Amino acid sequence: MSRRSSATAFDLLLIIMTTELYISIRDYLRRLIRGTEWEGHVYAVGGCCRDELIGLPIKDVDMAVNLPSGGIRFAMWLHDNGHTLREPVTYPNYGTAMLRLRDFPEDEIELVQTRKEKYTDHSRRNPETVFGTLQEDCIRRDLTINALYYDISRSRFVDLTGRGVSDIREHIIRTPADPDMTYDDDPLRILRCIRFASRYGWKIDAETFSGMCRNVDRLSIITRERVRAEFDRMLVCAHPVMAMEMLRSTGAMRYVVPELCETFDMEQNRYHSGTVWQHTLSVLENAPQDLTLRMAALLHDIGKIRTRTVSAEGDVHFLGHEEASADMARDILRRLKYSNDFIGEVMFLVSHHMDLKHYGDDAASLKAKKLRKIQYLCGTEELFDRLLDLVDADNRAHAEGFRMERQAGIIRERTRRMMEEGSAMFGYRLPLTGNDVMRIKGLQPGQQVKECMEYLQKLALVNPLRPVEEFEKHLKGYKLK
């Protein structure tokens, strides 16, 4: 059976350009503005500068123009002189314009005036933005590595903090201004800091980290949609465990998934090593880079905080924790405004992650009928793959002697052979319909028809390849309850 690509949804949403193409766009603009009012005032800024210096693909091109209303005015100048594919989209309140150059039609460019921000309402993160100097524009940004500029006309980087380039070289995450000011103004930057540190695996400057902890309660003003956007990127980054640990150590987890805080110190039983939290992080680390799967890994045992019991002999149990975890996952993901489809798939994975636990490392006791039932419940090979990925990640995170590291691979091979012979039950449909049942058994619509269909489904699980005539024969002989 084919294995799903490890690419994330974010990879599909972002058009990745080569560094050479980005440099071509820069050179093109430099030639256009030579001898005009824009010469010396147009800068590439932010992520494109950072990624060029790190050596990563460029995801987008942002330009800052250090003239009043410079972003919109420059965009309209490009349009009026026939250099854009169509009229720019402008956002006057933010001094921003979006456009595509006629010579580079596949790449969207954002143009904005250099600006400063004023936070007049302490209960909201939406600032008033007005034109500012390049220095003021720099100081308002979240990190030194995102506060780098490239002077288009002079073909040189501009590092106004004096630390952006060296922080890239030394792998340090820090704010360009005093962290208390940075995080008090916009506490979402706490989550962005965690996201960037875990994306690259870099360390956070000590004073920046202290500022995150001092201002973490300001996260209460951030909308759930914005929290979710940062959280998603943490989960699919290269170091998701690092991100989760920083959410814990800064206190930010209280504003993301507060229920997880109860798992930090919760002891488990002999099948596990460490707390519920430590086990969860191990499962997360083992999970492939897929948002649905990593969310399921993070939440698969959260129901243990509701189901933990200790027997008179001192044995710890978590009976029914998978159902409790699925219910809690539903409530958590709804609160964070995820889509119903995403919530449904995560709940499915969480609620079924224990289904194979009792069949051993070699899965020798797993009957074909049971395996087909799991295939049928998954519906698609992709969801079945995800479930096996979660089961495998969970198995390998157990205590030594209980890891069943071969189980998922053996089940995949058995499923591959079933698919080759046509007996796998992904998307299976019975050869008889409810109308056929009513005709053969002389029934009216109702519970008895459902009973017959369930009986036929059990026959199919034993042998889905049996001919329709055999299904009809068994149905005729079936005695209704």
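Predicted model: local features only at pLDDT ≥ 70, side-chain atom pairs only at ≥ 80, totals over all residues.
Ala, Val, Leu, Ile, Met, Phe, Trp, Tyr, Cys and Pro count here as nonpolar, Asp, Glu, Lys and Arg as charged, and the others, Gly among them, as polar. Residues are numbered from 1 along each chain as its sequence is written, and side-chain values use heavy atoms, with hydrogens and water left out.

On average the chain reaches a pLDDT of 93, with 95% of the residues at 70 or more.

Now for the helices, which are DSSP runs (H or I, at least four residues) numbered from the N terminus. For H2 (residues 19-33) and H4 (residues 70-80), the axes (lines fitted to C-alpha atoms over the stretch in contact, with angles from 0 to 180 degrees between N-to-C directions) come within 13 Å and cross at roughly 85°. The two are therefore roughly perpendicular, the label for 65 to 115 degrees. Contact (heavy atoms within 4.5 Å) joins Leu29, Leu32 and Ile33 of H2 to Phe74, Trp77 and Leu78 of H4. By class, that makes six nonpolar residues, no polar and no charged.

Helices H8 (residues 188-200) and H10 (residues 224-235) have axes that come within 9 Å and cross at roughly 10°. H8 is thus roughly parallel to H10, as angles under 35 degrees are. Leu188, Leu191, Arg192, Ile194 and Arg195 of H8 meet Arg226, Val227, Glu230, Arg233 and Met234 of H10. Five of these residues are nonpolar, none polar and five charged.

Note on methods:
pLDDT = per-residue confidence, 0-100. Parallel < 35°, antiparallel > 145°, perpendicular 65-115°, else oblique.
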